[in-house]
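The following account leads the reader through a single protein structure, taking one region at a time. Please keep the sequence and the coordinates in view while reading.

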Amino acid sequence: MSDPFLSLPDLETHIWDRLARGAATSRDPFRFVTLATQGTDGPEARMVGFRRADRVAAEIEIHSDLRTAKVRALDVDDRATILLWDPATEVQIRLMVTLRLVSSEAGRWARIPDVARLNYGTNPAPGTPVEAPERVTRTPDISRFCALVGAVRSMDVLSLAHTPHRRARFVGGHGEWIAP
Ligand SMILES: Cc1cc2nc3c(=O)[nH]c(=O)nc-3n(C[C@H](O)[C@H](O)[C@H](O)COP(=O)(O)O)c2cc1C
């Protein structure tokens, strides 16, 4: 594969291609990513599945249970960062996004396999103290399912595979090289 870090237009195309592949491929390093939000007690981060990347709409998507702390945090501050790392190519990508909540949408729910739907029906609600871990049950429930659709405000990409390291930033389709 040719080096995508030789030109800014190639690099932007490469990033979106890689994001889309990550969202579609179960063993891809971009299949699971870190989502960081502003919680009431400070920054919070957790792993999430990366569900969709759409260059034309400049959107990404993740799914969650409506009752989780991250969804409550987004009520207060809808800005978030998604962090990705590919150890094979030594590339880090950071996506600065604004997340919009789409709750209980039937079209998305229809595309989720039965086994994955169990993730959106934990009883009691995620984060609730329980007397014993085996007391937790799971019932698929569309009313607890939400998509977090992220409008990508900017992207920051860093390659450790180059000497010196190469880093670029893209804001609203405009790219520039920056010092790593
Ligand atoms: C590999 C992996 C994938 C995960 N995928 C998701 C996901 O797609 N959506 C989600 O809400 N939580 C997912 N989780 C669980 C979250 O990391 C987290 O524990 C949970 O959502 C509660 O987070 P919160 O209290 O910060 O909202 C995943 C965890 C792991 C380890």
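Leaving aside its neighbours within four places in sequence, with which residues is Arg-18 in contact? The model in which this is to be examined is a predicted one. Arg-18 belongs to helix α1, which covers residues 8-24. Beyond its neighbours within four places in sequence, Arg-18 makes contact with Asp-28, Pro-29, Phe-30 and Asp-86. The relative accessible area of Arg-18 is 6%, so this residue counts as buried.

Strand β5 comprises residues 79-86 and runs antiparallel to strand β6, residues 91-103, with 8 bridges joining the two. Within this pairing, Ala-80 has Val-97 of β6 as its bridge partner. The hairpin formed by β5 and β6 has 4 residues between the strands, and in it Glu-90 adopts a positive phi near 60°. Strand β6 also pairs with strand β9 (residues 145-159), again in the antiparallel sense, and here the bridges number 13. Leu-95 has Met-155 of β9 standing opposite.

Leaving aside neighbours within four places in sequence, the contacts of Glu-59 include Trp-16, Arg-52, Ala-53 and Asp-54. Arg-100, Val-149, Gly-150 and Val-152 are also in contact with Glu-59.

Attention may now turn to the ligand. Which residues surround the ligand? The surrounding residues are Phe-32, Arg-46, Met-47, Val-48, Gly-49, Arg-51, His-63, Ser-64, Thr-68, Ala-69 and Lys-70. By class, this shell divides into 4 nonpolar, 4 polar and 3 charged residues. At least two residues of the shell come from each of β2 (42-49), β4 (59-65) and α2 (69-76). The most is given by β2, with 4 residues.

For Lys-70, an N or O atom of the side chain is 2.7 Å from a ligand oxygen. For Gly-49, a backbone N or O atom lies 2.9 Å from an oxygen atom of the ligand. A polar backbone atom of Ala-69 is 3.3 Å from a ligand oxygen. Taken alone, the ligand exposes 620 Å², of which the protein buries 59%.

With a relative accessible area of 26%, Ala-58 is partly exposed. Ser-104 has a positive phi near 50° and is not a glycine either. The loop between β6 and α3 (106-110) contains Ser-104, whose relative accessible area of 30% makes this residue partly exposed.

Key
Residues are numbered from 1 along each chain as its sequence is written. This is a predicted model: local features need pLDDT of at least 70, side-chain atom pairs count only at pLDDT 80 or more; totals for chains, interfaces and linings use all residues. Side-chain values use heavy atoms; hydrogens and water are left out. A residue is near a molecule or strand if one of its heavy atoms lies within 4 Å of it. A polar contact is a pair of N or O atoms within 3.5 Å; within protein, one must be able to donate a hydrogen and the other to accept it, and residues adjacent in sequence count only if both atoms are side-chain atoms. Accessible areas come from the Shrake-Rupley method with a 1.4 Å probe; for residues, only the protein chains shown count as cover. Ala, Val, Leu, Ile, Met, Phe, Trp, Tyr, Cys and Pro count as nonpolar, Asp, Glu, Lys and Arg as charged, and the others, Gly among them, as polar. Buried means under 20% relative accessible area, exposed over 50%, partly exposed in between (1.4 Å probe, protein chains only). Contact means heavy atoms within 4.5 Å. Two strands pair if DSSP finds at least two bridges between them.
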